[in-house]
Amino acid sequence: MLKKLLLFFTIVFSTLTFSNDKVIKIAAAGYPMNEIVKIAADDLKKQGYDVQIKLLTDYVTANIGLNAKDFDANFHQHEPFMQVFNQKNNGTLVKVKPIYDVKVGFYSKNIKNKKSIPDGARIAIPSDPTNQDRALRILESEGLIKLGKSNGLNSISYIVENKKGLKIVPVGIPSLVQAYQEYDLAFNWPSHILKIGVKVKDALFLEKGSNARFAVMLAAREDNKNSQKIKDLTKAMTSEKVRQFLLKNYKEEGYPVF
């Protein structure tokens with residue numbers, strides 16, 4: 001009887017372990033991140049995987065969940081954003097693979113060109129340190145402000161020249177779409193601004209060139225980055241299907257980096 005019970009529990013434990021190894025929980029933001037994961041999920045299904053996608057627009061919550069092992073991976077951020085999260089939260093998140101980069105820039109509901117930006121214009125930029133640095137660098141490249149020397153990320157306090165007296169205001173990422181309606185200029189990403197029918201071609205100006213450090217990446221944890229399911233997920237998310245999806249459906253907004 002004891003041997004039968006031991007055999008029963010061994011079979012149950014093995015089945016549960018196998019089942020867990022074939023479940024991939026991933027947090028993803030909106031388009032195109034969720035679509036890329038869906039494409040990957042179709043291929044992984046053929047390998048016996050059950051890919052469970054949780055849509056989250058709060059990037060910090062997605063990182064907290066991954067760090068707490070609620071998810072196996074997430075797909076919504078660039079490496080600098082993740083590094084700041086790790087530093088503030090004693091996190092163990094790691095970059096697995098950059099997937100695509102996007103064309104970020106500034107949008108305006110009323111201003112039609114850079115020369116028309118009035119003195120004292122209100123400009124919304126991201127409140128998080130990494131994206132605030134990125135936005136400020138774009139404003140500097142357009143000659144609207146000048147930044148002083150910093151030891152790392154630039155913030156509003158590093159502005160040393162602002163001839164137009166621009167009122168630059170940090171805004172939380174989820175609120176930047178609304179900021180487009182309320183501010184003279186607002187920084188944003190294609191996946192966010194598209195939600196209200198604004199296209200990349202409508203931007204007043206975009207970031208010049210590409211910046212690989214800001215590519216949207218697949219992230220995991222230090223303890224699971226080398227697991228088989230993360231390896232299989234990475235392969236599926238860097239397939240030719242995903243590349244063609246980005247080239248065909250996202251060419252105005254971004255481009256694959258794998």
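This is a predicted model: local features need pLDDT of at least 70, side-chain atom pairs count only at pLDDT 80 or more; totals for chains, interfaces and linings use all residues.
Start with empty space. Rolling a probe the size of a water molecule over the atoms shows where such space is left. Here, a search of the whole structure turns up one cavity of 30 Å³ or more. The space in that largest cavity comes to about 150 Å³.

What lines it? The lining of the largest cavity consists of 16 residues. Lying nearest the centre are Tyr-59, His-76, Gln-77, Trp-189 and Val-216. By class, the lining has nine nonpolar residues, six polar and one charged.

Where does the cavity sit relative to the domains? Domain 1 covers 23–102 plus 213–256, and domain 2 covers 105–206. Both give residues to the lining, so the largest cavity lies between them.

Next, the helix pair. Two packed helices are described by the angle between their axes and the distance between the axes. Helix H2, residues 33–45, packs against helix H9, residues 240–249, at an angle of about 155°. Their axes are 10 Å apart. An angle over 145 degrees counts as roughly antiparallel, so that is the description for H2 and H9. The crossing of the two helices is right-handed.

Last, the backbone. Most residues other than glycine have a negative phi, and most peptide bonds are trans. This model has an exception to each.

For the peptide bonds, the one from Tyr-31 to Pro-32 is cis, with omega near 5°. Pro-32 is in the loop between strand S1, 23–28, and H2, the helix that packs with H9.

For phi, the residue is Lys-69, which is not glycine and has a positive value near 70°. Lys-69 is placed in the loop that runs between helix H3, 59–67, and S3.

How values were computed
Residues are numbered from 1 along each chain as its sequence is written. Side-chain values use heavy atoms; hydrogens and water are left out. On a 1 Å grid over the protein atoms alone, a cavity is a set of points where a 1.4 Å probe fits but cannot get out, and a pocket is an open set with protein on both sides within 12 Å along at least five of seven lines; lining residues have an atom within 4 Å of a point. Grid points are joined across faces, edges and corners, and a volume is the space filled by probe spheres set on the points. Ala, Val, Leu, Ile, Met, Phe, Trp, Tyr, Cys and Pro count as nonpolar, Asp, Glu, Lys and Arg as charged, and the others, Gly among them, as polar. Domain bounds come from an automatic or database domain assignment. Axes are lines fitted to C-alpha atoms, for helices over the stretch in contact, and angles run from 0 to 180 degrees between N-to-C directions. Helices (H or I, at least four residues) and strands (E, at least two) are DSSP runs, numbered from the N terminus. Angles under 35 degrees count as roughly parallel, over 145 as roughly antiparallel, 65 to 115 as roughly perpendicular and the rest as oblique. A crossing is left-handed if the near helix is turned anticlockwise from the far one by less than a right angle, and right-handed if clockwise.
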